[in-house]
Amino acid sequence: MQLFLESIGFGIVTASVLAIAGVGFTIQVGIANMFNLTYGTVMIIAAFVAYGCNAAGVSIWVCLPVAAVTGGVLTALLHRGVFRPFLRRGTSPFAMVIVTVATGFVLQYTLQAIWGSNYYTYRFSRGTTHHLGPLLLTTAQLWIIALAVLLLLAMHLLLSQTKLGKAMRATAADPDLARACGIQTDRIAAVAWTLTGALCGLGGVALVMSTATFDFTTGASFMIVVVAAAVLGGVGRPSGAMVGALIVGLGSEIVAAVLSPDYKDVVAFGLLIVTLLVRPQGLLAGRGAATAGQVEVLGS
Amino acid sequence: MSSAMQFYVSVILIYLGIDLIACWGLNLQYGVAGVVNLAFIAFQAVGAYTAAILSMGPAQPQGYQTYFIGASLPFPVPIICAVLVGGVLSGLVGLVALRRLRSDLQAIVLLVFSLVATDIATNQVGFLNGSAGLSQIPLPLESLLNLTPLDYQWFYVGFTAVACLLAFWVVRRLTGSPLGRAMRSVRDNEYAAAALGRNVFAMRMRALIVGGMIAAFSGALLVPIVGAWAPSSWLYGETLVLFAALLLGGRGNNLGVALGAVLVPGLFLEGTSFIHYTARPGFIDAVQWIVIGLLMLLVLWFRPQGLLPERPRRVDLAPSLLPPSRWPWLARNRLAERSELAGRPE
């Protein structure tokens, strides 16, 4: 029972990390109508940059904004330099998958060429252990959860309350119509990619802080859970990604504690398959979304 | 030729033949039917594991490797079983991955399947000996033929060549048939194909199953010659090498794909193994993978149809089907115009 409760604590931390990453991923699908499979690798690139700062003696919390900037700039560059040119040419969605996989591959192995295949660890104090009811959490874990809540709240407010968020949602729903209404969809898309890239970078550092070690493949394998969380909640829906993150995060940590930590990804895959078989439009999709993977309007 | 050189050349030829078979299988899925099977290598692995455990005999209780089933069946049976298992597993995966999904999400589900399959094979030690994998896989017919190792290599080259011809014959029959045409119509425009009465799911499923069987066949041929098979032999990057070969050679065109199979896995990956470079371990590998990724991007950008593009297929309408013309001498042009429309836009 103690093990079970501890795994719930871990699950909440994993879910927080996954929610930060998943919301960014799903917004990208909404904005550009494509799956960006470089996402996991960009997360880890940001984590490596943060590692560089951290190794130089800077506190990891100060490195967070650095990682956010790295993720944002890199994602914006990828969008500008790779994805958008291909999309403008009318590259088919399934060819776009190959484009993003190939790009992710190039990035991932550039990391290996630079950093080698070693495992790295951040230097930071995990703080004291706190008893929250039955849960045991370290100070660092509490900060990760707080960071996730803060970021998701900010994202929600941005999408629902600001003009920029409204423009992003309009661009996601119908780019042509949005342009006809005077929205500069190109600029909005660029802003959206940069913002989600920042989320991606923050997610990367949070991931490494919660799992302790990482190498150049960590990001690619984390994509499994990100995709599972995004599909579970309904692709293109930030709120769906949050719910998906909670289910996948808790589910995988509980199984890790009860069975074996080797099966975390298998649980995510199982949840993904069940979702695709039973409710391919995702948990939170409305009645209208009959086809699977139909991208929903952001934030609706 | 020295015997070491002969050995090397024969191994290269065998690998090339196996890559050809694998590329034709993937071409059937991606080039012809438009199924982006990013888990292709997992099906090759299934064939390899099946052929291995059915020829290695039961696992020794005190042995260093553990695996399930374990039998020593006579020569063609392990390969046939591998092909069947590959087909059945492709069907099962297709039931989930191909149903009611947009094509890019299908590809991602298959990619995730590949990653998770590696995960399971690595962590379930009793299943296929975990990350250490299987080793000491016997060569088919070795004891029966009683050849020297070098002669056996050349025998296997011939065997692979026959297998290649068989695979090419199957693929060629399929792509040239009305079924192949229907698959291409699904690839080019699934909605139009569905509107004309084609069952999009069934078309993709057939391509996935037949391609999966060919993948398993290539794996079953590969595993005895490698002699060992572990999760690290079939990481998802290997699928990308095959995709790079397809894209460079010309997807949809069996001969183009063959050219790609010679250029990418053959020349490119084998060729760079001659480079002696005393950098960090893994550095050369990393550079190879980077170049594979860049190659795919560059081909997709500069020559998406590949070096030997798929030839556009034109269906000439019978003149009697054309509306009567007041200027019969123009009918030829009209016919040509229609044929142009019937050809593929790309």
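## Starting at Val257(B)

Let's begin with one residue and what surrounds it. Setting aside anything within four places in sequence, Val257(B) is in contact with Cys23(B), Trp24(B), Asn27(B), Gly31(B), Ala245(B), Leu246(B), Gly249(B) and Gly250(B). You'll find Val257(B) in helix α12 of chain B, which covers residues 254-271. Is Val257(B) buried or exposed? Val257(B) has 32 C-beta neighbours inside 10 Å, so it counts as buried; the cut-off for that is 20 or more.

There is also a link to a later part of the chain. Leu308(B) is 51 residues away from Val257(B) along the chain, yet the C-alpha atoms of the two are separated by 8.2 Å. Keep in mind throughout that this is a predicted model.

## Phe243(B), with a partner in chain A

Next stop is Phe243(B), which sits in helix α11 of chain B, residues 236-249. Which residues does Phe243(B) touch, leaving aside its neighbours within four places in sequence? There are contacts with Ile98(A) and Met296(B), and Ile98(A) belongs to the other chain.

Phe243(B) counts as buried because it has 26 C-beta neighbours inside 10 Å. As for Gly260(B), it is 17 residues from Phe243(B) along the chain, with 9.3 Å between their C-alpha atoms.

## Where the two chains meet

Now let's zoom out to the meeting of the chains. How many residues of chain A are in contact with chain B? On the chain A side there are 35, and they touch 34 residues of chain B. Three helices of chain A each supply at least two residues to that side: α4 (93-115), α9 (218-233) and α11 (264-278). The top contributor is α4(A), which gives 16 residues.

And what sort of residues are they? On the side of chain A that touches chain B, 25 are nonpolar, 8 are polar and 2 are charged.

Back in chain B, have a look at helix α7 (residues 149-176) and helix α10 (residues 200-226). Their axes come within 12 Å and cross at roughly 175 degrees. Angles over 145 degrees count as roughly antiparallel, so that is how α7(B) and α10(B) lie to each other.

Which residues make the contact? From α7(B) come Tyr156(B), Thr160(B), Ala163(B), Ala167(B) and Leu174(B), while α10(B) brings Val210(B), Ile214(B), Phe217(B), Leu221(B) and Ile225(B). By class, that gives 9 nonpolar residues, 1 polar and no charged ones.

## The nonpolar core

Phe217(B) turns up again in the largest nonpolar core, a set of 208 residues. Along with Ala47(A), Val226(A), Ala228(A) and Ala244(B), Phe217(B) touches the most other members. Which element gives the most to this core? That is α10(B), with 17 residues.

What does Phe217(B) itself touch, apart from neighbours within four places in sequence? Its contacts are Ile21(B), Gly47(B), Ile79(B), Ala82(B), Val83(B) and Ala167(B). Ala167(B) is also one of the α7(B) residues in the helix pair above.

## The chains as a whole

Chain A has 11 helices and 4 strands. Its radius of gyration is 19 Å, close to the 19 Å given by the globule rule for 300 residues, so chain A is as compact as a globular protein of that length. The C-alpha atoms of chain A fill a box of roughly 55 × 45 × 35 Å along the principal axes. Of its 300 residues, 56% count as buried.

Chain B has 14 helices and 2 strands, and 45% of its 346 residues are buried.

## Two loop residues with positive phi

Ala212(A) is not a glycine, but its phi is positive, at about 80 degrees. It lies in the loop between α8 (185-211) and β4 (213-214) of chain A. Because Ala212(A) has 11 C-beta neighbours inside 10 Å, it counts as exposed.

Asn129(B), another residue other than glycine, has a positive phi near 65 degrees. Its loop runs between α5 (125-128) and β1 (134-135) of chain B. Is Asn129(B) buried or exposed? With 25 C-beta neighbours inside 10 Å, Asn129(B) counts as buried.

Methods:
Residues are numbered from 1 along each chain as its sequence is written. Chains are lettered from A and ligands numbered from 1 in the order in which they are written. This is a predicted model: local features need pLDDT of at least 70, side-chain atom pairs count only at pLDDT 80 or more; totals for chains, interfaces and linings use all residues. Axes are lines fitted to C-alpha atoms, for helices over the stretch in contact, and angles run from 0 to 180 degrees between N-to-C directions. Angles under 35 degrees count as roughly parallel, over 145 as roughly antiparallel, 65 to 115 as roughly perpendicular and the rest as oblique. Two residues are in contact if their C-beta atoms, placed from the backbone, lie within 7 Å. Ala, Val, Leu, Ile, Met, Phe, Trp, Tyr, Cys and Pro count as nonpolar, Asp, Glu, Lys and Arg as charged, and the others, Gly among them, as polar. The radius of gyration is taken over C-alpha atoms; the globule rule is 2.2 Å times the number of residues to the power 0.38. A residue is buried if 20 or more other C-beta atoms lie within 10 Å of its own, exposed if 12 or fewer, and partly exposed in between; C-beta atoms are placed from the backbone. A nonpolar core is a set of buried Ala, Val, Leu, Ile, Met, Phe, Trp, Tyr and Cys residues joined through C-beta atoms within 7 Å.
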